[in-house]
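Student: Could you walk me through this fold, one piece at a time? I would like to go from the sheets to the helices and then to a single residue.

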Amino acid sequence: MGKIAFVFSGQGAQYVGMGKELTEVSAAAKDVFTTAESLRPGIISRCFDGPKEELNRTVHTQPCLYCTDLAAAVALREAGIVPDMVAGFSLGELAALTFAGAYSEEDGFRLVAKRGELMQAAAEKVDTAMLAVIKLSNEAVEAVCQNYEHIYPVNYNCPGQLVVAGLKEEMTPFKVEIKAAGGRCVPLAVSGGFHTPYMAEAADGLAGFMETIEIKTPSLPVYANYSAAPYEENVRELLALQVKNPVRWQKIVETMISQGVDTFIEVGAGKTLCGFIGKIDPSVTTYHVEDRASYEATVEAVKNNA
């Protein structure tokens with residue numbers, strides 16, 4: 001086995017009950033939720049019991065997913081599985097930075113809670129949406145985006161999938177053009193035009209909030225969404241820029257593989273990132289950890305292959 005990377009799930013993968021079984025198999029995972037509950041009472045019930053409509057509000061989704069991502073990662077670490085490097089998809093980047101020691105677990109939770117509040121407030125000011133465009137090259141999708149003033153390419157996920165975000169009123173003709181070009185659009189379960197200029201106010205607010213917390217250089221490589229390169233002493237700058245700029249996920253994964261990673265473990269809700277990674281390079285191995293069964297299977301597989 002070569003190097004191991006943990007990749008932290010992003011928004012859109014959430015579901016009621018996520019993380020609950022992790023707290024039953026790992027004391028470290030339980031501590032993540034206990035800490036969050038002490039800072040925001042009700043976070044555990046919202047994450048484990050819902051209702052779905054409340055969980056899907058950005059202001060709640062982000063802190064709940066953060067806890068689930070971090071709980072899965074620390075459960076693996078508690079079991080003796082440690083990564084050589086990490087990355088997180090959008091929201092997941094905050095949990096990745098916590099795991100790597102860029103800031104305390106408590107400050108990480110405060111930061112993700114503030115991020116969720118700021119991004120929801122920004123989203124409520126304008127009617128926006130996000131779509132995954134599949135079956136077309138990035139260049140083809142970018143060319144269609146150039147025909148619209150308020151639609152932007154935002155998440156470079158994997159070959160044949162690029163997410164766009166922008167004004168809902170422009171999405172209807174945009175989808176017609178994409179279909180004519182041979183592509184297909186899939187709506188995403190998020191509440192705003194994230195990673196676009198519409199998030200500029202949220203990015204500014206997050207930058208200001210980060211001045212109130214202690215931030216250190218991460219203790220292991222954390223690949224930034226904004227640059228697709230490891231963070232150094234620029235955590236505040238890049239984490240704020242991430243909110244209003246594209247996520248370079250495919251480039252991050254390709255760079256990690258070039259650095260010797262052949263095993264990726266997705267930590268958090270769902271297996272979305274495993275799917276992306278499999279399309280980027282089918283030769284690498286992927287696992288995911290989100291519940292008791294996936295945790296036990298991953299720990300056994302990784303230790304047997306070590």
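Predicted model: local features only at pLDDT ≥ 70, side-chain atom pairs only at ≥ 80, totals over all residues.

Student: Let's start with the parallel sheet; what is the order of its strands?

Tutor: The open sheet has 5 strands in the order E7-E2-E1-E8-E9, and their pairing is parallel. At its edges are strand E7 (222-223) and strand E9 (285-289), each of which pairs on one side only.

Student: And how many bridges join E1 to E8?

Tutor: Strand E1 (residues 3-8) and strand E8 (residues 261-267) run parallel and are joined by 6 bridges, and within this pair Ala5 of the former stands opposite Phe264 in E8.

Student: Which strands does H12 touch when it packs on that sheet?

Tutor: H12 touches E1, strand E2 (85-88), E7 and E8, and its direction makes about 170 degrees with that of E2. Helix H14 (residues 292-305) also packs on the sheet, where H14 touches E1, E8 and E9 and has a direction at about 145 degrees to that of E9.

Student: Staying with H12, which of its residues are buried?

Tutor: In helix H12 (residues 249-258) the buried residues are Trp249, Gln250, Ile252, Val253, Thr255 and Met256. The helix is followed by Gly260, which has a positive phi, near 105 degrees.

Student: In what sense does E3 pair with E5, parallel or antiparallel?

Tutor: E3 and strand E5 (residues 161-167) pair in the antiparallel sense over 7 bridges, and Leu131 stands opposite Val164 in E5. E3 also pairs with strand E6 (residues 184-187), again in the antiparallel sense but over 4 bridges, and there Val133 has Cys185 of E6 as its bridge partner.

Student: Where does E4 come in, and how many bridges join it to E5?

Tutor: E4 and E5 run antiparallel and are joined by 6 bridges, with Asn155 having Val163 in E5 as its bridge partner. The hairpin of E4 and E5 has 2 residues between the strands, and in this hairpin Gly160 takes a positive phi near 85 degrees. As for burial, 6 of the 8 residues of strand E4 (residues 151-158) are buried, so E4 is largely enclosed by the rest of the structure.

Student: Now helix packing: at what angle do H2 and H5 cross?

Tutor: The axes of helix H2 (residues 27-39) and helix H5 (residues 58-78) cross at roughly 150 degrees and come within 7 Å. That angle makes H2 roughly antiparallel to H5, and the crossing is right-handed.

Student: Which residues make that contact?

Tutor: From H2 they are Ala27, Ala28, Ala29, Val32, Phe33 and Ala36, while H5 contributes Cys67, Thr68, Leu70, Ala71, Val74, Ala75 and Glu78. By class, this contact of H2 with H5 has 11 nonpolar, 1 polar and 1 charged residues.

Student: And how far apart are the axes of H5 and H6?

Tutor: The axes of H5 and helix H6 (residues 92-99) are 9 Å apart, and the two helices pack at an angle of about 35 degrees in a crossing that is right-handed. The contact is made by Tyr66, Asp69, Leu70, Ala73, Val74 and Arg77 of H5 together with Gly92, Leu94, Ala95, Thr98 and Phe99 of H6, and by class it has 7 nonpolar, 2 polar and 2 charged residues.

Student: Last one: what do the buried residues of H11 pack against?

Tutor: They pack against H6, helix H7 (105-123) and helix H10 (200-210), and the buried residues of helix H11 (residues 235-243) include Val235, Leu238, Leu239, Ala240, Gln242 and Val243.

Technical notes
Residues numbered from 1 in each chain as written. Heavy atoms only, no water. Axes fitted to C-alpha atoms, helices over the stretch in contact; angles between N-to-C directions. Parallel < 35°, antiparallel > 145°, perpendicular 65-115°, else oblique. Left-handed = near helix turned anticlockwise from the far one by under 90°. Contact = heavy atoms within 4.5 Å. Nonpolar A, V, L, I, M, F, W, Y, C, P; charged D, E, K, R; others polar. Buried < 20%, exposed > 50% of the residue type's maximum accessible area, 1.4 Å probe, protein only. Pairing = 2+ DSSP bridges.
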